[in-house]
Amino acid sequence: MKILLTLHEYLDPNSGAAGSTLSLGENYTKQGHQVIYYAYDDLPGRMSLRSKDLVFPEFTTCKILQVLKEQHIDVIDASTGDAWIWGSFLRPLTKKSPLLVTRSHGLDHMEHLERLEDAKLGNMKLSWKYPLYRGSIQLWEIATSLRCADAAFFLNHQDADYAVNHLGVKPDRAYVFPNGIPDEFLNLPFEETPPNPSIIRIAQIGSYVQRKGIDYSVPALSRVLAKYENVRVSLLGTEPPTVGGGEALKVQADFDPSVRDRVTVIPYFIHKTLPDLLKGHQINLFPTLSEGFGKTLIEAMACGLATITTPAPGPMDIVQDGQDAIIVPFRDTQAIEQALERLITDRAYLDQLRRNAYATAQKYSWQRIAQERLTVYEKALAKRGQR
């Protein structure tokens with residue numbers, strides 16, 4: 001098959017959605033298929049990121065028309081919102097059009113609801129610009145792209161159910177596929193929990209933004225650091241690379257001065273180095289408020305870390321409370337602190353969660369997940385009589 005993968009981001013292998021898209025494409029290629037990518041990298045360099053956000057569906061439409069004029073394409077697999085113009089208006093005019101798939105990397109409508117909740121609670125202030133596009137028109141574009149697709153791929157069941165019940169996606173076109181992790185993250189040597197009272201290391205991986213729950217995790221981490229001298233904290237991937245730097249100091253400034261020397265901040269890292277960065281760590285704190293999947297969650301589990309997370313849609317499809325993770329309520333600093341203390345003080349329970357998390361992670365092979373998605377392509381094409 002010839003497959004066009006589109007994404008409204010730069011194709012950085014070290015970022016979340018872009019890394020997943022590239023991994024999908026690589027595994028499609030390994031299984032004998034031809035893949036074409038289209039992303040922000042292909043737009044004029046002089047355009048600002050905001051401009052690219054706004055006009056990417058129009059550019060995607062032009063790209064689809066160009067590709068279809070030059071060659072036969074079997075599948076257009078576009079991230080949410082990318083292909084709504086072509087799918088709604090031009091596709092009906094195209095003879096033997098390709099299969100159209102809309103691929104979600106986390107349903108924006110779910111994040112929107114969490115933003116509104118935080119604003120209601122007074123935990124954040126939405127910009128006056130937010131309702132003008134991102135909180136309205138963009139959500140409509142995304143819903144339209146899901147409705148006009150032959151198949152809609154979601155990362156978790158809550159996103160899929162919402163799309164069917166509230167956005168008008170047909171149930172027989174909604175599929176749930178998780179993300180995977182690279183082969184080099186699978187079957188890593190398991191690092192035993194050190195005996196008391198050795199150093200315990202806690203990692204929090206992801207952007208240092210409100211959506212990732214930092215308003216609630218940082219106070220909990222600060223109190224745990226103050227109480228336990230043998231605890232160390234690492235915050236990884238807090239920011240993309242920027243000119244001038246200074247991100248690490250900004251993050252450390254949110255911690256009490258008395259514990260800052262035990263807080264390590266690595267703003268940006270090469271994805272394949274994550275297992276090395278997590279060596280010596282036993283706990284992964286993932287207090288997200290909205291998450292389509294949580295790739296760093298499963299990657300940390302593959303590295304043998306016990307997880308503390310929230311009942312966000314993505315994590316709830318991955319872990320079970322008390323089995324391979326501790327699930328704490330949203331926006332609950334005290335619950336985070338209590339969960340951390342339990343793992344720090346109960347080494348037997350910590351070791352149990354670590355081993356169970358490690359076992360759970362081994363199921364998430366990109367090769368298997370890519371094959372499952374390809375099977376849906378094949379069945380849908382066969383149904384339409386194109387293959």
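Residues are numbered from 1 along each chain as its sequence is written. Because the model is predicted, local features need pLDDT of at least 70 and side-chain atom pairs count only at pLDDT 80 or more, whereas totals for chains, interfaces and linings use all residues; side-chain values use heavy atoms, with hydrogens and water left out. Helices (H or I, at least four residues) and strands (E, at least two) are DSSP runs, numbered from the N terminus.

**Sheet β2-β1-β3-β4-β5-β6**

- Six strands make up this open sheet, with parallel pairing; two strands pair if DSSP finds at least two bridges between them.
- β2 (34–38) and β6 stand at the edges with a single partner strand each, so one side of each has no neighbour in the sheet.
- From one strand to the next the twist averages 20°; axes are lines fitted to C-alpha atoms, for helices over the stretch in contact, and angles run from 0 to 180 degrees between N-to-C directions.
- Four bridges pair strand β1 (residues 2–6) with strand β3 (residues 75–79) in the parallel sense.
- Threonine 6 has alanine 78 in β3 as its bridge partner.
- Helix α14 lies across β1, β3, β4 (99–103), β5 and β6, and runs at about 145° to β4.

**Sheet β9-β8-β7-β10-β11-β12**

- This open sheet also has six strands, and its pairing is parallel.
- Its edges are β9 (263–266) and β12 (325–327); each has a single partner strand, so one side of each is left without a neighbour in the sheet.
- The twist averages 20° from one strand to the next.
- Strand β7 (residues 200–205) and strand β10 (residues 283–286) run parallel and are joined by two bridges.
- Isoleucine 202 stands opposite isoleucine 283 in β10.
- Helix α10 (residues 295–302) packs on the sheet, touching β7, β10 and β11 (306–309); the direction of α10 makes about 170° with that of β10. Contact means heavy atoms within 4.5 Å.

**Aromatic pairs**

- The whole structure holds 12 aromatic pairs. Rings of Phe, Tyr and Trp (its six-membered ring) pair if their centres lie within 6.5 Å; planes under 30 degrees apart count as stacked, over 60 as edge-to-face and the rest as tilted.
- One of the pairs is phenylalanine 153 with tyrosine 175, edge-to-face at 5.9 Å centre to centre and 85° between the planes.
- Phenylalanine 153 is in strand β5 (residues 151–154) and tyrosine 175 in strand β6 (residues 174–176), so this pair ties together parts 22 residues apart in sequence.
- Phenylalanine 153 and tyrosine 377 have ring centres 6.1 Å apart and planes at 10°, so the pair is stacked.
- Tyrosine 377 lies in helix α14 (residues 366–383), so its pair with phenylalanine 153 in strand β5 ties together parts 224 residues apart in sequence.
- Phenylalanine 153 is buried at 1% relative accessibility and tyrosine 377 is buried at 0%, while tyrosine 175 is partly exposed at 28%. Buried means under 20% relative accessible area, exposed over 50%, partly exposed in between (1.4 Å probe, protein chains only).
- Tyr28, Phe153, Tyr175, Phe177 and Tyr377 form one aromatic cluster.

**Threonine 360**

- Threonine 360 lies in helix α13 (residues 347–361) and is buried at 12% relative accessibility.
- Leaving out residues up to four places away in sequence, threonine 360 touches Met301, Ile318 and Asp324.
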